[in-house]
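Subject: A structure for you to look at

Hello,

Here is the structure I promised to pass on. Please open it alongside this note, and I will walk you through what turned up.

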Amino acid sequence: MHSSERQESAIMEPPVKTETPLSTVEQWLQRASQLDQSLPQQEAQPQMQRSEQFDVDVTVIGAGPGGYVGAIRAAQLGGRVVCIEKEYLGGCCLNWGCIPTKTMIAGVERYQQIKHAEQFGISVGEVKVDFAKLMAHKDKVVSTLRNGIAGLFKKNGVRHIEGVGRIAGHHTVEVVKPDGSTETIRTRTIILATGSAPVRLPIPGLEGEGIWTSDDAVSATEVPPRMLVIGAGAVGCEFGYIYNGLGSQVTIVEIMPQILPHEDADIAAELQRSLTRQGIRFLLNARVTEVKHGNNGVKQVVVHTEKGEETVECEVVLVAVGRRAVLDGLGLETVNVKTHEKGIAVNDKMETNVPGIYAIGDVTGRIQLAHVASMEGIVAASNAMGHERRMSYRAVPSCVYTVPEVASVGLTEKQAREQGYDVRIGKYAFRGLGKAMAMGERDGLVKVVAEARYGEILGVHIVGPHATDLIGEPVTAIQLESTIEEMTHTIHAHPTLTEALLEAYEDTERMAIHK
């Protein structure tokens, strides 16, 4: 699944004040845990001895960023492992999400840099995009990484079965292969990692030719003249940036009052200003009510806005409103695996209510991010192999790969105040950095949310160049419960973009040197 994507599908409940700061994702997890906490907290089993009763120790259904990582970790811990995948190794993330979108974004970024190279004294001739070659490069990157997973499976002794897996009993998985044949696997434990699929909206006319999901957007054969995107979350903004940068006239419709609804308001506003300058039009507090299909593929999209009804013409409508857990045909009812409204219920060891059956990633309906799925896969595999480990969501980074990029971890300013914290805010704009000036990328800012009394860092939010790389330091800081004092006493290299973090930390005490 999209590394970014899929935070917009999480539904947040009103936060609850606690002694330690809750991250953005933990707020929703409080709600999910009402059911999850009813699950048995099984004692960690001693590392299992091989048994002739079972063909394998661990069977993983799904080979996305959670499933394949979990399969490899289980094998590294000495397990006999099978991983079942109905389509391609890597799942949505590698084949239709994170990797293809970031490859397309890299192409658009190069194109825009060349078009504006004159500011660096570099003169170029006519610049144009060969879309077919751009997409061929994307396909090569995807296939290379897909083959890399196959190589990792071979290296670690993981057996890969192509087919559709389902639970046929407490320790039994049945696989239907592409040729129609079946195979039954006797397995000591099962890890469910079937991922998610794009949500479809019940809007009249939102079907047929020219109605895309994110899967279609990474498989396109041409750039449409005009595109309307439903949803201004990570997926909508990323594809809006891509196709606008390639020449489409892009309109993004969002039902909430800001783009990136779960991000800090200052960060979202800064990104909106930047994308608007690039040519993207936003309709906020708005919703699509109907799509009318006209001649020559032209569509009239009826949008209800604060100012009344508006009709937007386009050739493509991209639906980017989140994803749903894939549960159909998984056989959950066979052994009565509990579910909630978003997916499969699990505890912090990624166990379901059925002993020996685990669930990870998007199928749990928790946090739909590739890096979270990978960590959950490691936790589930460790427990399946008798090594107790629990999942922590304290410091989960969220990334959006537009240009400028957005990255965040921890509480927004609004969330911190709602939880009753006395907060201090620090900000620093990239335009003041020598490195940003040298790069010609001065848009954006860093915002730090800290607790006033002890200076504990509650959240860090970045919009600007290489934000998704810079977020690593704040993630570590929050995971280790670091304070402003600790971070301001840490030397940051010059000239680098990380200096913006240092200045923002210092600004919480109104001590920023270069502000």
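Let me start with a question: is helix α2 (residues 67–76) mostly covered or mostly uncovered? Mostly covered: seven of its 10 residues are buried, where buried means under 20% relative accessible area, exposed means over 50%, and partly exposed lies in between (1.4 Å probe, protein chains only). Helices here are DSSP runs of H or I with at least four residues, strands are runs of E with at least two, and both are numbered from the N terminus.

Before going on, a word on the source: this is a predicted model, in which local features need pLDDT of at least 70 and side-chain atom pairs count only at pLDDT 80 or more, while totals for chains, interfaces and linings use all residues. Residues are numbered from 1 along each chain as its sequence is written, and side-chain values use heavy atoms, with hydrogens and water left out.

Back to α2. Its buried residues are Gly67, Val69, Gly70, Ala71, Ile72, Ala74 and Ala75. They pack against β1 (56–61), β2 (81–85), α5 and α10 (370–384). After the helix comes Gly78, with a positive phi near 100°.

Ile161 counts as buried because its relative accessible area is 4%. Leaving out residues up to four places away in sequence, Ile161 touches Val82, Cys83, Ile84, Glu85, Val175, Lys177, Glu183 and Ile185; a contact means heavy atoms within 4.5 Å.

Phe120 counts as partly exposed because its relative accessibility is 45%. Together with Ile114, Ile122 and Val124, Phe120 forms a nonpolar surface patch with about 350 Å² of accessible area. The areas come from the Shrake-Rupley method with a 1.4 Å probe, and for residues only the protein chains shown count as cover.

Now the whole protein. There are 16 helices and 24 strands. Of the 515 residues, 57% count as buried. The C-alpha atoms fill a box of roughly 70 × 65 × 45 Å along the principal axes.

Enjoy exploring!

Note on methods. Patch = residues over 30% accessible without salt bridge, like charges linked within 9 Å, V, L, I, M, F, W, Y side chains within 5 Å. Salt bridge = Lys/Arg side-chain N within 4 Å of Asp/Glu carboxyl O.
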